[in-house]
2 protein chains.
Amino acid sequence: MTLVHAEAVKNTKSVAVVRRESFVIPGILVSVASSGMRYKGRPDLALIVSEDPNGIPAAGVFTKNLFTAAPVIVSKHHIEQKADHIRAILINAGIANACTGEEGIRRARRSAELVAKALGVPLESVLVASTGVIGPQIDVDLIASYMDELLNGLAPNRWHEAAQAIMTTDTVPKLAYAEIEINGTRIKIGGIAKGSGMIAPNMATMLGFLCTDAFIESSLLNQFLRYAVSRSFNAITVDGDTSTNDTVFLLASGKSGITIKDNDSDSCRKFLDALEAVSIDLSRQIVMDGEGATKFIEIQVVGASTEEDAKKVAKTVAESPLVKTAFYGEDANWGRIVAAVGRSGVNISPQAVSLFFNDVCVFRDGMPINDQKTEEMANAEFKKKHINVRISVGSGNATFRMWTCDLSHDYVTINAKYRT
Amino acid sequence: MTLVHAEAVKNTKSVAVVRRESFVIPGILVSVASSGMRYKGRPDLALIVSEDPNGIPAAGVFTKNLFTAAPVIVSKHHIEQKADHIRAILINAGIANACTGEEGIRRARRSAELVAKALGVPLESVLVASTGVIGPQIDVDLIASYMDELLNGLAPNRWHEAAQAIMTTDTVPKLAYAEIEINGTRIKIGGIAKGSGMIAPNMATMLGFLCTDAFIESSLLNQFLRYAVSRSFNAITVDGDTSTNDTVFLLASGKSGITIKDNDSDSCRKFLDALEAVSIDLSRQIVMDGEGATKFIEIQVVGASTEEDAKKVAKTVAESPLVKTAFYGEDANWGRIVAAVGRSGVNISPQAVSLFFNDVCVFRDGMPINDQKTEEMANAEFKKKHINVRISVGSGNATFRMWTCDLSHDYVTINAKYRT
């Protein structure tokens with residue numbers, strides 16, 4: 001499958017217009033409830049249900065952390081069993097159900113069972129996701145007592161409430177939506193996400209729920225999701241920590257009547273671009289809501305031998321505390337970026353490396369451009385809220401783009417003081 | 001060579017008593033001068049010279065950063081040529097001579113040449129080391145004008161001044177010294193080091209200079225140094241950034257009349273333990289002088305399949321911003337440590353992982369110990385200045401120990417505000 005196309009690095013927003021507002025995906029209903037399991041006076045449960053009683057195709061991408069949370073273990077198993085017949089996703093915020101042992105798995109399964117019984121579908125047709133504190137068990141009886149409210153409240157237009165219900169340390173709900181036209185029909189793609197630090201204080205973090213009304217069978221849907229996630233949710237970093245619960249699901253209701261099957265067709269490419277654009281937009285919202293973040297930084301590595309190399313360089317730069325504090329201090333400190341490139345483990349020739357801050361070249365062919373004017377221009381760029389750092393490593397044609405934020409006093413305050 | 005012995009993880013201080021004070025290594029002379037190249041009114045040049053006109057065995061360990069600074073390139077070449085006949089090391093602080101191109105290499109070579117000519121030895125018998133700002137060229141004429149002062153000032157007892165002369169953002173000079181007895185003769189091992197952040201603000205950082213009066217030919221000396229560095233200078237991290245200039249040298253004057261040649265002998269083991277102890281002590285001083293550090297943290301991983309695995313886990317935990325801010329906040333946050341273990345890339349069984357803060361077990365066999373008393377005890381340990389974190393991963397017998405510090409508001413302040 002050749003999903004990796006040459007323009008992957010360019011801003012896909014030019015392809016699909018992404019709107020950050022609530023939406024409706026035909027064939028999908030949403031509901032929320034306030035159980036008070038950990039947060040009081042706000043919704044903390046969300047239920048996403050397909051109208052089709054037989055369920056619809058779904059795909060999932062899960063954390064690689066070995067301390068996999070119970071809902072991840074359960075959902076992985078369920079999606080393997082019923083990838084083309086998923087009926088619902090139940091989400092709770094506040095307690096992550098991670099490091100909870102066998103009992104945690106039993107509880108995750110029992111919570112899925114509540115939904116499965118209510119909808120009259122097999123247990124494996126229900127997925128679950130949790131976010132919140134690591135350690136404590138979820139209260140399944142409490143969830144059970146809100147099941148009627150969740151089912152009665154199902155409606156197509158409650159995505160904004162759902163985006164609020166899944167928040168933990170997030171300060172704003174995150175939604176993104178795009179439409180494309182395939183064979184004269186409007187196809188809808190929408191999603192919600194949460195996650196402000198990669199792990200917020202003792203929180204298990206990043207969740208994303210994407211839906212479309214195209215019909216795409218699960219194995220192709222799975223490839224689409226992996227492609228989009230690798231360029232969006234897996235291309236952001238706040239502090240390099242990945243959580244026990246990270247999960248992104250994609251559901252395809254098929255309600256539009258349009259089927260996408262040939263993975264090399266025009267309609268496939270259109271869909272994929274829009275899916276990528278929605279995923280990137282949600283990812284950017286997560287970075288911008290990063291703990292203590294004052295700046296949004298794009299690290300773009302070009303001219304690498306392989307995409308993997310480009311990603312390694314981008315990740316090393318994006319996660320360097322020295323680089324991140326320099327952004328916070330508005331100090332156009334190319335030395336720290338160059339030093340991070342040099343220790344990334346990627347074999348490059350220092351003489352071939354050049355570095356740009358937005359359009360200002362500060363380092364060319366392994367040497368700094370040491371003049372007053374360049375330094376002034378570079379420092380001016382560092383005063384901006386959005387900074388693009390382009391690193392050309394001169395060994396090939398592969399590229400990767402990553403998003404991160406700065407490391408501020410507030411990051412330290414938030415993370416040092418959380419539990420006290 | 002079987003230098004890795006089972007007790008590597010235990011505190012080697014029990015073997016050799018390390019003193020943090022000035023010392024004398026017979027056969028080695030030291031001098032300093034204040035050139036004012038970047039710092040005013042303090043020594044910024046140091047010269048280490050062997051009394052033996054033919055030079056002595058030396059070994060070096062260098063940064064793996066691809067943006068290798070000019071003095072590293074030059075010294076690597078020289079030590080390859082004259083490993084058993086090194087006569088001198090010239091060090092300057094303030095300017096790193098990194099990212100300085102061909103001209104930087106010419107200048108590093110010319111500065112070595114000044115010393116070689118004065119001492120009447122081949123160019124390759126002189127090593128050079130620089131630390132300071134990345135980008136600018138060093139002023140070789142300025143160094144030349146201080147050559148007489150450096151040579152005339154050579155004396156056996158100026159190590160404390162030399163430790164001061166190599167400082168950049170360091171707040172204290174760093175010395176360590178130990179003696180061992182071999183066949184009734186006292187053997188001396190002493191060293192100085194500098195480096196407060198791994199890269200201080202735009203600074204190229206970690207330098208170490210170790211000397212002994214044992215005779216050890218260069219190839220064995222090289223193995224000894226690599227072993228000691230892997231357990232000391234390469235087992236510390238302040239912010240995970242490694243610099244363009246990191247270098248550790250070891251010189252063996254032979255003046256004691258004792259030769260160490262069999263790498264499996266008792267005397268070899270004694271020497272190696274002492275060398276490791278001195279190196280560890282210098283490394284700890286670097287961590288304790290880490291930028292903004294308020295706490296000294298030991299991360300000890302036990303029960304790994306391989307030492308490499310143990311190191312990977314230790315490094316992931318030691319470099320996690322979330323873990324480091326938790327130490328700063330005195331928050332015994334086991335969840336962040338467990339999450340870091342789980343994302344380290346090492347294949348372990350979560351059910352086999354246990355975690356101790358000093359002697360308090362907070363997490364056993366993949367599950368937290370959720371009682372009030374444990375939490376109180378753990379929080380009490382986190383109030384201490386030195387905290388040992390022991391992570392047992394239950395897959396084998398390999399161990400690794402790493403030292404780090406916390407991530408404080410001051411770290412952000414120092415690194416955000418350096419150039420402004």
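Is the crossing of α6(B) and α7(B) left-handed or right-handed? The crossing of α6(B) and α7(B) is right-handed, a crossing being right-handed if the near helix is turned clockwise from the far one by less than a right angle, and left-handed if anticlockwise.

## Basis of the model

This is a predicted model, in which local features need pLDDT of at least 70 and side-chain atom pairs count only at pLDDT 80 or more, while totals for chains, interfaces and linings use all residues. Residues are numbered from 1 along each chain as its sequence is written, and chains are lettered from A and ligands numbered from 1 in the order in which they are written.

## The helix pair in chain B

Helices (H or I, at least four residues) and strands (E, at least two) are DSSP runs, numbered from the N terminus. The axes of α6 (residues 218–230) and α7 (residues 266–288) of chain B come within 9 Å and cross at roughly 45 degrees. That makes α6(B) oblique to α7(B).

From α6(B), residues including B:F224 and B:Y227 meet residues of α7(B), among them B:L272 and B:L275.

## The sheet in chain A

In chain A, seven strands form an open sheet with mixed pairing, in the order β10-β17-β12-β16-β13-β14-β15; two strands pair if DSSP finds at least two bridges between them. β10 (236–237) and β15 (367–368) of chain A stand at the edges, each with a single partner strand, so one side of each is left without a neighbour in the sheet.

Strands β12 (residues 296–304) and β16 (residues 386–392) of chain A run parallel and are joined by seven bridges, and A:V302 stands opposite A:S392 in β16(A).

Conventions:
Axes are lines fitted to C-alpha atoms, for helices over the stretch in contact, and angles run from 0 to 180 degrees between N-to-C directions. Angles under 35 degrees count as roughly parallel, over 145 as roughly antiparallel, 65 to 115 as roughly perpendicular and the rest as oblique. Two residues are in contact if their C-beta atoms, placed from the backbone, lie within 7 Å.
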